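Hi everyone, thanks for making time this morning.

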Amino acid sequence: MKSLLRDRKTALFVLVLVAILAVILPLVLEPFRLNLVGKYLTYAFVALGLVLCWGDAGILSLGQGIFFGLGGYCMAMFLKLQASTPEATKIQSTPGIPDFMDWNQITTLPWFWQPFHSLAFSIVAVAAVPMLLALIIGLSMFKRRVGGTYFAIITQAIASILTILIIGQQGYTGGVNGITDLRTLNGWDIRTDHAKLILYFVTIALLLVCLGGAHFIRCSKLGRILVAMREREDRVRFSGYDVASFKTFVFCFAAAMAGIGGAMFTLQVGFMSPSFVGIVPSIEMVIYCAVGGRTSLLGVIYGTLLVNWARTSFSETMPQVWMFAMGALFVFIVVVLPGGLASLYRTYLDPYISRLLGSSSKAPVHAGREADHANG
Amino acid sequence: MQTGNEPLLSVTDLTVSFDGFRAVNDLSFSVREGELRVIIGPNGAGKTTVLDLICGRTRATSGSIRFKGTELTRLKEHEIVRAGVGRKFQNPSIYEDLTVFENLEISYPKGRGIMGSLIFRRDTAVVERVNEVARTIFLDDQLDRRAEDLSHGQKQWLELGMLLIQDPALLMLDEPVAGMTVSERVKTAALLKDIIRTRSVIVIEHDMGFVEEIAHQVTVLHQGRILSEGSMEHVKNDPRVIEVYLGH
């Protein structure tokens with residue numbers, strides 16, 4: 001009975017989300033604004049991963065920008081090669097290679113750029129490259145029982161290292177400017193309003209797929225093990241589970257989703273640069289997640305949209321105030337509302353909605369998963 | 001199957017030193033099948049360290065721990081658990097945010113890998129087993145409660161249940177009745193006597209009344225070494241034991 005009600009509520013909330021994103025926003029927003037929403041949504045992929053990693057399993061990563069960036073760069077490399085046909089680049093001293101390579105006196109396409117001629121390879125790489133790096137980081141950290149603050153600091157350091165590496169290797173990566181001037185995806189011009197509208201809907205579809213995947217994991221026993229690890233890591237270990245491999249799994253899953261988000265970012269915004277890889281964007285992604293409520297998958301999507309919308313509004317009117325406002329917001333959430341927006345919903349709206357959906361019992365939260373959400 | 005002579009667990013010349021301090025020093029003892037062994041001793045005698053060494057939480061400096069013919073000192077914690085060693089911690093170590101049912105379900109020894117836990121389904125076998133264990137630990141009417149809301153004694157029982165559901169051949173309990181009320185203690189003693197019928201148990205305990213009630217064999221540790229070993233009667237009358245432990 002309770003679980004039936006829960007399923008109906010979940011279905012209702014997903015419908016509301018789809019209605020807002022896929023119907024209402026496209027109708028009321030002009031194309032420029034809608035494209036911005038599409039850009040915000042790509043960060044929601046990262047936030048979903050953080051719900052599993054941080055909210056459930058208690059692994060705080062301050063380096064999710066790494067994976068977002070890697071996914072974005074994989075897509076950007078494919079698009080750049082598409083834009084660098086010998087005809088389009090015939091004024092270069094070496095036609096047929098990306099323009100920034102030519103400016104840096106590189107005369108042949110580096111080996112790791114070669115596979116990105118293939119669209120299929122690039123699509124796989126968008127998720128696989130972040131996952132592979134997450135696997136290496138995860139295995140080397142979690143097997144050695146590095147956790148908590150130390151893990152957070154190390155992820156931050158890696159984000160910093162990657163940024164420095166990308167900026168330093170200008171000839172191979174485009175340096176601080178990133179990979180710019182992207183035009184077509186297999187001949188399809190991604191810069192038109194029409195293309196941007198389609199990419200917006202593709203982003204929503206992929207976001208829903210990721211939402212479904214994350215929800216499936218949370219509903220499985222693996223999801224409960226993640227929460228159990230956050231609570232009592234030793235007990236899980238002494239119940240016969242290999243804690244390190246579970247942590248590595250969830251970290252890789254989050255990395256793959258972040259990579260997909262990064263690729264959609266590149267497609268919609270038309271470039272990728274190291275400014276989306278480093279420490280600052282990584283921390284901002286954690287803030288989106290905290291504002292939405294780090295144990296609520298739907299909450300973090302709204303949180304991401306809201307913070308980014310606020311950011312754009314502030315930046316347009318009072319750009320110098322934004323950083324302070326963002327800091328204040330984070331402090332406010334941590335001190336006053338540790339459960340984020342989702343906890344507001346659970347306290348005030350949820351009992352009302354449960355009644356509306358025809359439950360006579362007043363207990364809206366089923367002990368267990370949802371109670372865990374409420375207390376996360 | 002093992003022969004009747006070979007003990008379930010045999011610890012030989014076990015030593016661990018922390019920065020030169022030997023918390024456990026050349027310790028040897030064995031536990032037979034179906035035996036309930038109680039380890040007592042003054043604070044700092046190395047009792048908890050011995051359990052930590054057996055379950056892999058602390059790595060031995062030297063010596064060997066053989067369990068059912070397997071050397072445990074080389075295995076990881078979860079491998080030791082899977083080999084059949086269960087460990088209860090001193091403070092109740094349960095998942096406070098989950099229900100009693102979910103606590104027991106997570107401890108159910110199926111779907112322990114990543115894929116396994118993804119496709120794990122709560123079938124009737126699982127539900128029946130959880131109910132059965134819940135009855136044993138007096139919590140069958142509390143299955144839907146969050147573990148956080150249980151009394152201290154009930155939390156201790158829940159952790160015991162989480163071990164029982166794994167059906168370990170050797171169960172190690174660190175002060176299982178600490179903080180329990182008198183009636184809870186009596187029930188726990190009955191529970192332990194019931195558990196022991198099918199497995200071996202090592203118990204660390206300070207409560208001498210409780211020890212007398214349950215123990216087959218008592219080992220007295222002092223400064224990482226065995227001071228005395230034998231029946232409760234024998235140990236109680238050992239002058240060395242009276243001097244370092246029972247006397248004060």
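Before we look at any helices, a word on how the angles work: axes are lines fitted to C-alpha atoms, for helices over the stretch in contact, and angles run from 0 to 180 degrees between N-to-C directions. Helices (H or I, at least four residues) and strands (E, at least two) are DSSP runs, numbered from the N terminus. Please keep in mind that this is a predicted model, where local features need pLDDT of at least 70, side-chain atom pairs count only at pLDDT 80 or more, and totals for chains, interfaces and linings use all residues. Residues are numbered from 1 along each chain as its sequence is written, chains are lettered from A and ligands numbered from 1 in the order in which they are written, and side-chain values use heavy atoms, with hydrogens and water left out.

Let's start in chain A. Helix H5 (residues 119–142) of chain A and helix H6 (residues 148–168) of chain A have axes that come within 12 Å and cross at roughly 145°. The crossing of H5(A) and H6(A) is right-handed, in the sense that the near helix is turned clockwise from the far one by less than a right angle. Which residues make the contact? From H5(A) we have Ile137(A), Met141(A) and Phe142(A), and from H6(A) come Phe151(A), Ile154(A) and Ile158(A). Contact here means heavy atoms within 4.5 Å. By class, there are six nonpolar residues, no polar ones and no charged ones; Ala, Val, Leu, Ile, Met, Phe, Trp, Tyr, Cys and Pro count as nonpolar, Asp, Glu, Lys and Arg as charged, and the others, Gly among them, as polar.

Ala22(A) sits in helix H1 (residues 2–28) of chain A. Leaving aside neighbours within four places in sequence, Ala22(A) touches Phe201(A) and Ile204(A).

Now over to chain B and its sheets. Six strands of chain B form an open sheet with mixed pairing, in the order E6-E7-E8-E3-E9-E10; two strands pair if DSSP finds at least two bridges between them. Strand E6 (85–88) and strand E10 (225–230) of chain B are the edges, each pairing on one side only. From one strand to the next, the twist averages 15°. Strand E9 (residues 217–222) of chain B runs antiparallel to E10(B), joined by five bridges, and Val220(B) stands opposite Ser228(B) in E10(B). Helix H10 (residues 239–246) of chain B packs on this sheet, touching strand E3 (36–40), E9 and E10 of chain B, and its direction makes about 120° with that of E10(B).

A second open sheet in chain B has four strands, in the order E2-E1-E4-E5, with antiparallel pairing. Its edges are strand E2 (21–31) and strand E5 (70–71) of chain B. Helix H1 (residues 47–55) of chain B lies across E1, E2 and E4 of chain B, at about 70° to E2(B).

Finally, how do the two chains meet? The contact takes 31 residues from chain A and 38 residues from chain B. Chain A and chain B bury about 3,000 Å² between them, 58% of it on carbon and sulfur atoms; buried area is the accessible area (1.4 Å probe) that two parts lose on being put together, summed over both. Lys221(A), Arg235(A) and Phe238(A) supply 26% of the area that chain A buries against chain B, more than any other three residues.
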